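Colleague: Before we discuss this model, may I see the sequence and the structure?

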Amino acid sequence: MRRIALTVNGIRREAEVEPRLLLVYFLRESLGLTGTNVGCDTSSCGACTVMMDGKSVKSCTVLAVQADGAEVTTIEGLATDGQLHPLQEAFRKNHGLQCGFCTPGMIMAGLGLIESGASMEDEDVRLGLEGNLCRCTGYQNIVKAIQEAAGEMRQPAPAAQPAAVQGGSE
Amino acid sequence: MTQVAEPEAKRWVGGGILRKEDPELITGQGRFVDDIALPGMLWLAFVRSPVASATIASIDTSAAKELPGVQAVLTGQELADDWALPLPCAWPIGNRTNFEDPDDPRTPDHWPVVKDRVRYMGEIVAVVVADSREHAADAIEAVDVDYDELPVVTDMMEALEEGSPVLHDDLGSNEAYTWGFTNGDVDRVFAEAPVVVKERYYNQRLIPNAIEPRGVVVQPIPAQGEFTIWSATQIPHILKVLLALTLDINEAKIRVVAPDVGGGFGSKLNVYAEEAICLAVAKRLGQPVKWTEERSENYLATIHGRDVIQDMEVAATEEGKTLGFRVKLYADFGAYMQLVTPGIPILGAWLYHGVYDAQAYGFEATGVFTNKVPTDAYRGAGRPEATYAVERIMDTLARRVGKDPAEIREMNFIPPFDEAREVASGLSFDSGNYHATLEKAKQLAGYDEVRREQQANDGRRDGKLLGVGLSTYIEMCGLAPSQTLAALKYGAGGWEAATIRCHPTGKVTVITGTSPHGQGHVTTWSQLAADALGVEPDDVEVLHGDTAVSALGMDSYGSRSASVGGAALYKAAEKIRAKARAIAAHELEVAEEDLEWKDGKFQVTGAPDRAKTIPEVAFTAWTAHALPAEIEPGLEATAVWDPPNFTFPSGAHICVVEVDPETGSTRIDKYVAVDDCGTVINPMIVDGQVMGGIAQGIAEALYEEALYDENGTLLTGNMSTYRVPSAAELPGYVLDRKVTPSTTNPIGVKGIGEAGTIASPPAVLNAVADALRYVGVEFIDKPASAERVWRAIQQAQGQAPPDRAPSGGGTGAASMTPEEEGGVA
Amino acid sequence: MIPAAFDYEVAESADHAVSLLGEHGEDAKLLAGGHSLLPLMRLRLAAPSVLVDIGRISDLNYVRDGGDHVAVGALTTMEEAHFSELLQHECPILAHTAGEVGDPQVRHRGTVGGTVAHADPASDIPTVLLALDADLVVQGPGGTRTVPAREFWKGIFESALGPQDMLTEIRVPKLAGAGWSYQKFHPRAQDWAIVGVAAVASNGDVRVALTNMGETPLRASAVEQALASGSDPAAAAERAVEGANPPNDALASSEYREHLAKVLTRRAIEGARSS
């Protein structure tokens with residue numbers, strides 16, 4: 001067993017874990033954060049995507065011990081003060097989910113994509129979601145939802161920045 | 001259409017309200033089976049056979065039992081007395097012609113854990129019970145099984161040959177059944193027709209891939225002999241009945257819950273070994289148990305779909321007027337019959353003439369056992385296969401008689417109709433306007449422009465081959481009526497139930513027997529109830545998927561939920577309104593006939609300000625202070641709807657592709673779908689179903705295929721080798737619709753859950769085939785993977801110089817074998 | 001699935017990692033981003049008894065100017081390599097190809113050193129390094145040595161790394177202004193390459209290497225010679241499969257791979273010459 005300490009959704013967590021414990025099971029079973037799902041065993045489907053130190057990662061392919069010291073955000077940590085995150089709003093508004101099983105991972109992958117400053121053209125969003133599989137929606141509404149959320153998230157700050165750049169840079 | 005005395009105002013039906021299901025699912029508060037953890041819960045894991053055919057010489061579980069945390073290791077022999085019956089097959093078809101009574105249905109015994117002989121890779125040979133997921137996983141590696149390997153047969157045509165290894169010795173052969181019927185003088189029509197076109201198609205084996213793998217949790221209350229079973233299932237009601245029978249447990253002591261279920265597509269429409277085993281182990285040990293399927297395990301443990309060879313024929317005049325359709329199909333069932341395995345080909349049996357007129361019709365199916373995972377319902381189940389064959393052969397016929405694929409369709413369409421009409425197979429279609437959907441689709445796709453571009457540039461666009469394909473599909477939904485199902489030897493009814501409970505506070509609970517897993521029934525049923533009762537959708541709570549809450553139900557599959565379950569809800573609302581009318585009349589001191597249901601309330605005719613709403617009546621009915629003499633307190637009604645017929649959604653899909661002639665890669669340039677699913681309750685949800693369905697069909701057309709080698713090893717054993725496409729591979733979709741309300745049910749809905757998957761594979765394949773004409777390819781089958789396309793081009797170019805003349809059938813001649821590479825079929 | 005149990009050690013430095021490997025013997029494995037090793041362990045196709053986590057060695061994550069070359073620390077992630085301005089300028093084929101590996105989540109964790117050391121012939125980065133004539137810096141119990149890319153990969157999952165060796169740095173030549181192309185054929189964006197071809201054109205000379213056409217990444221020497229002797233790209237590309245031994249599996253037949261290798265080689269040469 002090994003002692004780890006990490007911050008999950010803003011809360012510091014400490015635990016004794018077996019080295020082989022995958023981060024996703026640490027989140028789901030040790031912390032009870034069952035929003036992050038497991039859909040495959042080959043790092044293919046992306047259902048387990050979370051943010052780790054500001055980057056989207058597949059939490060089924062990270063050991064909990066590797067996350068020692070990290071900051072992790074899961075789907076449960078997105079809404080703040082009872083307000084849905086723009087991505088959550090956009091997924092609902094655009095019918096970007098059906099069964100909802102891939103959705104937490106899809107939203108976190110979308111978050112990673114938007115925060116990386118990626119282009120939000122159709123083809124770029126689609127390519128940016130290459131690591132996330134959905135069997136229900138056919139993806140079109142997911143792409144729309146991410147584009148719409150990006151529009152909101154990347155709006156120029158209201159004050160003092162005369163020439164805020166729309167969209168990200170790489 | 002069924003006459004309804006008081007059609008409710010459509011305030012909510014037809015509107016795109018946002019889904020009520022979403023808030024929990026977008027915040028991580030969804031509750032799937034794997035999210036359930038119970039105190040003292042034990043984990044199950046299964047030892048699965050690595051070989052496809054063997055007798056079990058011995059199993060040594062002693063080492064596994066010594067490992068930390070292991071509570072029990074159980075073999076098939078040890079569990080043999082836990083089963084009252086084998087795993088159920090609810091649709092034993094049997095050998096039949098023209099609906100005579102079947103002889104022996106030839107359903108082989110299928111035990112949850114193998115007793116002595118393994119018949120496919122992945123079959124369960126032992127069960128491990130441990131205190132953690134990790135310990136269970138460790139223990140299965142320590143179980144030592146000695147297999148005496150037996151010959152393997154994976155090819156269904158070889159399996160039918162004399163001398164093939166036989167899977168089930170007591171059956172004597174691998175032929176599960178041969179079932180067929182004819183309508184009209186099909187032999188004469190084919191003998192006399194000037195043009196007969198014949199092709200062989202292979203609907204490859206597919207793996208459903210609901211993104212949530214399956215899972216089961218069982219909580220026993222040993223002192224009461226009670227069990228609560230949570231399962232990632234589409235069919236909690238059916239599962240309850242059949243598990244009670246399989247384990248001989250009092251059905252009233254079993255509660256099945258389908259919590260949030262992460263997609264099904266038919267793969268969770270079953271009674272699985274793991275469900276029976278979890279229940280048996282919980283019963284034995286008196287402790288809660290859990291099993292969560294791994295994805296690569298899912299590929300071996302959960303049913304596969306399709307795997308059907310079709311010899312398809314159409315008879316026509318010189319001009320291409322269709323005279324008859326005839327098909328002989330072979331369906332690979334895998335090693336056993338799962339819940340409705342034998343019925344899958346039958347679900348398409350009446351549809352091999354599509355939306356086209358003909359005088360004669362013939363259908364025959366042979367089911368075959370092979371050493372592979374059992375096949376069963378996969379999105380569309382029987383109808384995608386039928387649609388694929390019909391829509392492909394119509395293109396071949398078009399080329400044979402020198403007509404455009406659009407023209408050959410238009411000249412053969414059944415004319416528009418809005419009353420039920422008998423068609424060539426003998427079925428009665430409910431309504432349809434096939435010209436209208438095709439016309440609209442052609443406009444949206446720029447069909448004529450694409451044809452002109454092809455002609456102008458010899459089928460090229462920027463070095464790629466340009467192709468356009470059509471699919472003017474028909475399908476049938478809402479498995480019904482129960483008597484018809486009886487004639488087809490289906491083991492259950494086709495009805496559905498709904499209960500409406502109007503609370504004194506004005507809120508409404510709807511309890512449905514359907515069991516959604518992504519389709520949005522909570523939202524859609526709320527819209528139906530809101531209109532029917534004059535309340536807001538947010539005032540309606542929809543409960544489902546728990547047999548303790550929803551006592552009556554037949555669950556969700558076959559695009560039946562809206563057309564059968566929605567109709568049941570409509571009927572329950574009629575009962576509510578009938579009772580509420582009596583109470584309202586009593587309160588308003590008028591005769592019932594003096595009330596009209598308008599704007600969501602009962603108004604006194606001529607005095608609309610004197611009115612009672614359903615919530616007001618519900619309060620009156622609850623206090624019971626002032627009810628008419630014959631009226632019971634409370635405002636609640638249950639209706640069970642048994643539909644008089646199937647429904648028949650239809651539509652036109654058009655796909656434009658660009659094929660790289662060097663690598664064989666296909667890129668979809670444009671995809672247009674114009675569907676007619678009858679009345680639309682929630683357009684946003686309907687469009688979502690269409691898009692998801694098309695994506696799954698494109699996956700079938702271009703990407704996915706479960707491949708076995710000759711030893712019965714699944715070669716595409718996980719998600720990195722079985723190619724479920726992502727957003728990066730799929731196109732955007734252009735959608736539109738036409739509405740011809742169904743005459744089968746009072747709300748006019750037809751069903752839309754499977755249409756996209758049924759329509760799209762032939763649209764894509766016809767487009768690829770159209771493009772490949774320009775390099776002389778005469779035939780290409782699914783999946784049109786880059787390698788398959790490249791091979792087809794190689795083959796065409798290895799022969800005579802590319803021939804642009806009409807290709808395809810010839811008179812009854814061209815019989816193409818399914819792809820020879822890859823080790824299947 | 002769940003990996004089999006193992007012991008876990010954190011290496012504080014490359015020296016420490018090498019000594020931990022020495023301590024734990026042959027069944028110990030280095031863990032960087034884990035995106036090659038953990039999937040195998042989850043399917044229990046690999047079951048090392050000890051994992052030495054080198055992911056926390058902070059001084060091996062860099063892309064820096066090494067004078068005549070660009071030095072890439074072994075723990076640089078694919079994403080960092082992809083967005084490195086230095087690589088984009090001096091060795092754009094490597095920056096580009098790092099963005100072709102896996103998917104965004106994989107690129108956030110997977111490291112350049114990890115994919116090189118893992119020696120999977122379907123990996124993209126080794127092919128590019130082979131075409132670049134990169135040098136690989138290896139630290140072992142006897143000190144540091146440099147292995148040319150041509151001598152590094154020995155077979156499927158086999159490399160010049162000994163049981164106690166650790167790859168610490170990848171050195172690629174500065175090739176600003178050179179033409180380049182990496183052609184990856186993969187049915188799905190997230191798939192491994194069915195076949196990949198890297199071409200680098202500089203000083204009139206074209207170097208070509210192939211992904212997944214044998215047990216290691218391969219230099220297409222026959223193609224290079226043909227080009228050097230004046231063949232046009234199409235003719236030269238016909239020789240792409242000389243010496244190749246592509247796999248024949250459920251994903252593609254060997255003859256299709258051979259065909260693709262020729263097509264992609266021609267496209268890569270044309271792309272390199274025109275860029």
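Predicted model: local features only at pLDDT ≥ 70, side-chain atom pairs only at ≥ 80, totals over all residues.

Modeller: Residues are numbered from 1 along each chain as its sequence is written, while chains are lettered from A and ligands numbered from 1 in the order in which they are written.

Colleague: Why are α12(B) and α13(B) called roughly antiparallel?

Modeller: The axes of α12 (residues 405-412) and α13 (residues 434-445) of chain B cross at roughly 160 degrees and come within 10 Å. Angles under 35 degrees count as roughly parallel, over 145 as roughly antiparallel, 65 to 115 as roughly perpendicular and the rest as oblique. The two helices, α12(B) and α13(B), are therefore roughly antiparallel to each other. In their contact, Ala406(B), Arg409(B) and Glu410(B) of α12(B) meet His435(B), Leu438(B) and Lys442(B) of α13(B); residues are in contact if their C-beta atoms, placed from the backbone, lie within 7 Å.

Colleague: What makes α7(B) oblique to α8(B)?

Modeller: The axes of α7 (residues 236-247) and α8 (residues 273-285) of chain B cross at roughly 60 degrees, coming within 11 Å. That angle makes α7(B) oblique to α8(B). Leu239(B), Leu243(B), Thr246(B) and Leu247(B) of α7(B) meet Glu275(B), Ala276(B), Leu279(B) and Ala280(B) of α8(B). By class, this contact has six nonpolar, one polar and one charged residues. Ala, Val, Leu, Ile, Met, Phe, Trp, Tyr, Cys and Pro count as nonpolar, Asp, Glu, Lys and Arg as charged, and the others, Gly among them, as polar.

Colleague: Why is α16(B) described as mostly covered?

Modeller: A residue is buried if 20 or more other C-beta atoms lie within 10 Å of its own, exposed if 12 or fewer, and partly exposed in between, with C-beta atoms placed from the backbone. In α16(B), 13 of its 13 residues are buried, so the helix is mostly covered.

Colleague: What is the reach of this helix, α16(B), from its first C-alpha to its last?

Modeller: Helix α16 (residues 521-533) of chain B reaches 17 Å, close to the 18 Å expected at 1.5 Å a residue. Just after α16(B), Gly534(B) takes a positive phi of about 70 degrees.

Colleague: How many residues of chain A are in contact with chain B?

Modeller: There are 46 residues of chain A in contact with 43 residues of chain B. The side of chain A that touches chain B has 21 nonpolar, 17 polar and eight charged residues.

Conventions
Helix = DSSP H or I, 4+ residues; strand = E, 2+ residues; numbered from the N terminus. Expected span 1.5 Å × (residues − 1). Contact = placed C-beta atoms within 7 Å. Axes fitted to C-alpha atoms, helices over the stretch in contact; angles between N-to-C directions.
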